[in-house]
Amino acid sequence: EQHWNKTKAQRAMIATREAPAAQPVGAQTSAEQAFKAAKAGARVLVTGAGGFLGQRLVHALHRAGAGVVALVRDKNRVPLGMEKYATIVAGDLSDAQAGTAAMDGIQIVFHCAAITRNNVPWKVHYDSNILGTEHVLKAAKQNGVERVVHVSSVVVYGLAERGGAGNGHPSINGNGNGNGHHHAHMIDETTPLERNPEPIAF
């Protein structure tokens with residue numbers, strides 16, 4: 001977020017610089033190779049495609065042979081060069097219709113979108129992270145999506161140093177001492193599934 005809040009002159013410099021070097025062609029990692037073997041040519045949607053994880057996932061899926069649709073909140077904040085690897089669609093998942101419009105013909109959804117800042121009101125976290133996830137699940141069901149992969153966050157384990165945590169590690173209770181991102185993800189892990197018991201794989 002700080003990157004996009006730079007001065008107008010800095011943003012202009014960023015916009016006019018050369019695009020990043022072309023991504024390697026063809027599956028590179030074992031995960032990309034496995035995806036290509038199983039789902040080459042699949043149409044996939046990546047929400048939060050402009051984020052740290054989302055933009056890297058877009059490139060990986062492109063290398064694995066997927067047809068990628070990248071959902072971003074603002075088309076003016078798309079990572080440079082992404083249009084070469086994905087179809088860019090703008091939409092806010094707090095709007096129930098945004099996910100539905102983006103999922104036409106989609107087979108797999110990678111849900112990476114989330115508000116991660118804690119300097120915003122709780123309602124912003126709720127609308128984006130909780131209602132947004134519910135909207136993704138409902139839209140996926142309506143559009144016959146085969147699979148939804150929900151990318152969560154390590155903040156469900158808290159911010160204190162614990163010496164590491166794995167999938168079986170218990171999450172912490174409470175509101176994360178004012179950490180809205182943590183609290184939203186804690187609810188996000190359970191509430192959408194309770195309200196939407198559709199046969200969607202995670």
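**Salt bridges and their surroundings**

Mentor: Let's start with Glu32 and Arg63, which are both buried, where buried means under 20% relative accessible area, exposed over 50% and partly exposed in between, with a 1.4 Å probe and protein chains only. Before going on, some bookkeeping: this is a predicted model, so local features need pLDDT of at least 70 and side-chain atom pairs count only at pLDDT 80 or more, while totals for chains, interfaces and linings use all residues. Residues are numbered from 1 along each chain as its sequence is written, and side-chain values use heavy atoms, leaving out hydrogens and water.

Now back to that pair. Glu32 and Arg63 form a salt bridge with their closest N and O atoms 2.6 Å apart; the term covers a side-chain nitrogen of Lys or Arg within 4 Å of a carboxyl oxygen of Asp or Glu. Glu32 sits in helix H2 (residues 30–39) and Arg63 in helix H3, so the bridge ties together parts 31 residues apart in sequence. Helices here are DSSP runs of H or I with at least four residues, strands are E runs of at least two, and both are numbered from the N terminus. Arg63 counts as buried because its relative accessibility is 13%. Arg63 and Ala40 are 23 residues apart in sequence, yet 9.9 Å apart in space, C-alpha to C-alpha.

Searching the whole structure turns up three salt bridges. Another one pairs Glu146 with Lys39, the closest N and O atoms being 2.9 Å apart. Glu146 is in the loop between H5 and E5 while Lys39 is in helix H2, so this pair ties together parts 107 residues apart in sequence. Glu146 is partly exposed at 43% relative accessible area, and Lys39 is partly exposed as well, at 30%.

Then there's Lys123 with Asp127, whose closest N and O atoms are 2.5 Å apart. This pair is four residues apart in helix H5, about one helical turn. Lys123 is exposed at 55%, whereas Asp127 is buried at 19%.

The largest nonpolar core has 20 residues, a core being buried Ala, Val, Leu, Ile, Met, Phe, Trp, Tyr and Cys residues joined through side-chain atoms within 4.5 Å. Strand E1 (43–47), helix H3 (52–63), strand E2 (67–72) and strand E4 (108–111) each give two or more residues to this core, with E2 supplying the largest share, three.
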